[in-house]
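The sequence and the model come first, and the description follows.

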Amino acid sequence: MNTTSEDMAQAADQSTGLVGTISGIMHAVYRRLDGMGAHLYPLFDLSVRLGLAWIFWKSGLTKIQSWESTVMLFQYEYKVPLLSPEIAAVLGTGVELIMPALLALGLAGRMAAFVLFVFNIIAVISYPTLNIYGQLDHLWWGALLLIPVFRGPGKLSIDHLIRTRFWGH
């Protein structure tokens, strides 16, 4: 919806005085921003996906740089329930390398975000000595992961391309 100075003037004419003028201007600005938001959603979705993917990807790369250190971390530092340290290290590293790539591409984007969301919860539970700042980071990441879980990966994704090209949506 295009908002022009005529819209602002018309809104100001409908109400009298300074309050009416300010109200009309605010309404016109709100309509303009609301219209712009629809065009910015794809960039917002992409930036959320890329930012989160980068965080988990870097962690996965750190783990494969020194596999012996990674296994030792899972033996002595992380307390992953129900899994041996070796299996937990392989699964954790795999999740941190595969799911961020899928999330960044927007390929099986909801699933990748959901797997990382659950992985994020397990990471917090498994690391009892995580300080408050680390806990807040994980809380923030978890909240941001819910965006692609509930909204999908957005228009700038392979999922969207597949959906529109092959399913006609």
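The sections below go from the overall fold to individual helices and then to single residues.

## Overall make-up

The model described here is predicted. The protein contains seven helices and zero strands, and along the sequence the pattern reads α-α-α-α-α-α-α.

Of the 169 residues in the protein, 31% are buried. Among contacts with a separation of 6 or more, 67% are between residues 24 or more positions apart.

## Helix 2 and helix 3

Two packed helices are described by the angle between their axes and the distance between the axes. For helix 2 and helix 3 (residues 67–76), the angle is about 110° and the axes are 5 Å apart. The two helices are therefore roughly perpendicular to each other, since angles of 65 to 115 degrees count as such.

The contact brings K63, I64 and Q65 of helix 2 together with W67, T70 and F74 of helix 3. By type, the residues of this contact are three nonpolar, two polar and one charged.

## Helix 5

Helix 5 covers residues 109–126, which is 18 residues. From its first C-alpha to its last it reaches 25 Å, close to the 26 Å expected at 1.5 Å a residue.

The buried residues of helix 5 are G109, A112, A113, L116, F119, N120 and S126. They lie on the same side of helix 5, because the arc they cover around the axis is only 150°. The elements that cover these buried residues include helix 2 (17–65), helix 4 (85–105), helix 6 (132–151) and helix 7 (158–166).

M111 also belongs to helix 5. With a relative accessible area of 40%, M111 is partly exposed, as its value falls between the 20% limit for buried and the 50% limit for exposed. Leaving aside residues up to four places away in sequence, M111 touches M99 and L102. M111 and V149 are 38 residues apart in sequence, while their C-alpha atoms are 7.3 Å apart in space.

## Helix 6

Helix 6 has 20 residues, which should span 28 Å at 1.5 Å a residue. The C-alpha atoms at its ends are 29 Å apart, in agreement with that value.

Buried in helix 6 are G134, H138, W141, G142, L144, L145, I147, P148 and V149. These buried residues pack against helix 2, helix 4 and helix 5. Helix 6 is in turn among the elements that cover the buried residues of helix 5.

Most residues other than glycine have a negative phi.

L82 is not a glycine, yet its phi is positive, at about 75°. L82 sits in the loop between helix 3 and helix 4. The relative accessible area of L82 is 90%, so L82 is exposed, the cut-off for exposed being over 50%.

A108, also a residue other than glycine, has a positive phi near 55°. A108 is placed in the loop between helix 4 and helix 5. Its relative accessibility is 30%, so A108 counts as partly exposed.

Note on methods: Residues numbered from 1 in each chain as written. Predicted model: local features only at pLDDT ≥ 70, side-chain atom pairs only at ≥ 80, totals over all residues. Heavy atoms only, no water. Helix = DSSP H or I, 4+ residues; strand = E, 2+ residues; numbered from the N terminus. Expected span 1.5 Å × (residues − 1). Buried < 20%, exposed > 50% of the residue type's maximum accessible area, 1.4 Å probe, protein only. Arc of directions from axis to C-beta. Contact = heavy atoms within 4.5 Å. Axes fitted to C-alpha atoms, helices over the stretch in contact; angles between N-to-C directions. Parallel < 35°, antiparallel > 145°, perpendicular 65-115°, else oblique. Nonpolar A, V, L, I, M, F, W, Y, C, P; charged D, E, K, R; others polar.
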